[in-house]
Amino acid sequence: MKCAFIGLGVMGYPMAGHLQRNGFATTVYNRTTAKAKQWVKDYGGDYAETPREAAAGADVVMVCVGNDEDVRSVFYGDDGLLASIAENTIVIDHTTASAELARELSDEVHNRVAFFLDAPVSGGQQGAENGVLTAMIGGDRDAFDDAQAALKCYCKTREYMGPAGHGQLAKMVNQICIAGVVQGLSEGLQLARKVGLDADTLIRAISQGAAGSWQMQNRYQTMWQGHYEHGFAVDWMRKDLKIALEEADRNGLSMPLTALVDQFYAEVQQMGGSRWDTSSLLARLEKK
């Protein structure tokens with residue numbers, strides 16, 4: 001099976017590497033060609049000058065870029081991947097984007113007698129590097145089944161959520177839940193520091209019960225130390241929450257906690273923390 005991987009950011013770079021190392025002949029594309037050349041040095045495979053060139057002849061085309069605009073830029077146009085995909089190609093978009101875009105791209109890919117999956121991932125840079133991401137996948141069920149061999153190279157968990165757009169909708173729920181948990185953990189740690197509790201002892205006491213979470217287990221120490229360079233950036237979280245809030249508005253839903261935490265992240269950006277990881281909500285509280 002030949003694969004193309006478009007987008008070599010902190011997630012895409014190792015994801016594409018897992019494909020190549022697991023025996024999938026992989027051609028990569030990145031806006032910065034130097035990074036694509038470095039990937040070839042690190043993993044082998046090949047690189048292309050355009051998404052169109054990368055996708056030509058590929059059985060599966062993966063995309064992992066920044067936002068809706070970035071996705072459109074690699075799909076459309078004379079140099080876009082839609083210009084070269086063959087019949088029966090499986091196109092998988094790992095970008096966290098809008099459900100509306102997923103449905104649009106699904107139609108465009110189907111018009112070329114090919115298959116589309118919207119498959120945003122969770123697990124962050126560490127999960128990508130270790131090949132243990134979770135993918136929430138919408139689109140063609142048969143394509144989901146056929147893509148398993150490639151997806152399992154970097155996704156430990158792969159859940160089929162429904163038709164096109166449902167992968168993105170599931171990722172919205174994921175981000176909503178994370179936002180609330182991180183804010184609660186930040187407030188708890190702020191109180192613990194104020195009253196003189198030992199953080200390690202505290203987490204041993206509460207992490208195995210109902211208060212426990214991935215965020216608590218993996219981020220409490222770095223939060224306590226004021227280190228916020230360990231994961232998903234605030235800028236990207238705000239992008240994701242904007243998508244979720246817009247989807248809620250389209251469905252006539254109110255999400256006051258999500259909206260509030262989104263504004264808290266806006267304050268973190270104003271503090272200069274745009275590239276801090278999402279656990280930096282504690283830095284905002286401590287500044288106040």
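Predicted model: local features only at pLDDT ≥ 70, side-chain atom pairs only at ≥ 80, totals over all residues.
**Exercise 1. Find where valine 113 lies, give its phi, and decide whether valine 113 is buried, partly exposed or exposed.**

Step 1. Valine 113 belongs to the loop between helix H5 (99–110) and strand S6 (115–118).

Step 2. The phi of valine 113 is about 55°, a positive value although the residue is not a glycine.

Step 3. Buried means under 20% relative accessible area and exposed means over 50%, with partly exposed in between; because the relative accessibility of valine 113 is 45%, valine 113 counts as partly exposed.

**Exercise 2. Trace the parallel pairing of strands S1, S2, S4 and S5, and name residues that face each other across the pairs.**

Step 1. Begin with strand S1 (residues 2–6), which pairs with S2 in the parallel sense over five bridges; in this pair isoleucine 6 stands opposite tyrosine 29 of S2.

Step 2. S1 also pairs with S4, again in the parallel sense, over four bridges, and here cysteine 3 has valine 60 of S4 as its bridge partner.

Step 3. Continue from S4 to S5: these two strands run parallel and are joined by four bridges, with valine 61 placed opposite valine 91 in S5.

Step 4. In strand S2 (residues 25–29), four of the five residues are buried, so that the strand is described as mostly covered. In strand S4 (residues 60–63), Val60 and Met62 point one way while Val61 and Val63 point the other way, and all are buried.

**Exercise 3. Describe the surroundings of aspartate 93: in which strand is it found, is it buried or exposed, and which residues does it touch?**

Step 1. Aspartate 93 is found in strand S5.

Step 2. The relative accessible area of aspartate 93 is 2%, and therefore the residue is buried.

Step 3. Leaving aside residues up to four places away in sequence, aspartate 93 touches Val63, Val71, Leu105, Phe116, Leu117, Asp118, Ala119 and Pro120.

Step 4. The C-alpha atoms of aspartate 93 and cysteine 64 are separated by 6.3 Å, although the two residues lie 29 residues apart along the chain.

**Exercise 4. Characterise the chain as a whole: how many helices and strands does it have, and why can it be called as compact as a globular protein of its length?**

Step 1. The chain has 14 helices and nine strands.

Step 2. Its radius of gyration is 20 Å, close to the 19 Å that the globule rule gives for 288 residues, and therefore the chain is as compact as a globular protein of that length.

Step 3. Along the principal axes, the C-alpha trace spans about 65 × 45 × 35 Å.

Step 4. Of the 288 residues, 50% count as buried, while the accessible surface of the chain comes to about 13,200 Å², of which 48% belongs to carbon and sulfur atoms.

Step 5. Among contacts between residues at least 6 apart in sequence, 65% join residues that are at least 24 apart.

Step 6. For the charges, the mean position of the 27 positive ones and that of the 36 negative ones are 6 Å apart.

Terms used: Residues numbered from 1 in each chain as written. Heavy atoms only, no water. Rg over C-alpha atoms; globule rule 2.2 N^0.38 Å. Buried < 20%, exposed > 50% of the residue type's maximum accessible area, 1.4 Å probe, protein only. Contact = heavy atoms within 4.5 Å. Areas by Shrake-Rupley, 256 points an atom, 1.4 Å probe, with all protein chains shown as cover. Lys, Arg positive; Asp, Glu negative; His and termini not counted. Charge placed at Lys NZ, Arg CZ, Asp CG, Glu CD. Pairing = 2+ DSSP bridges.
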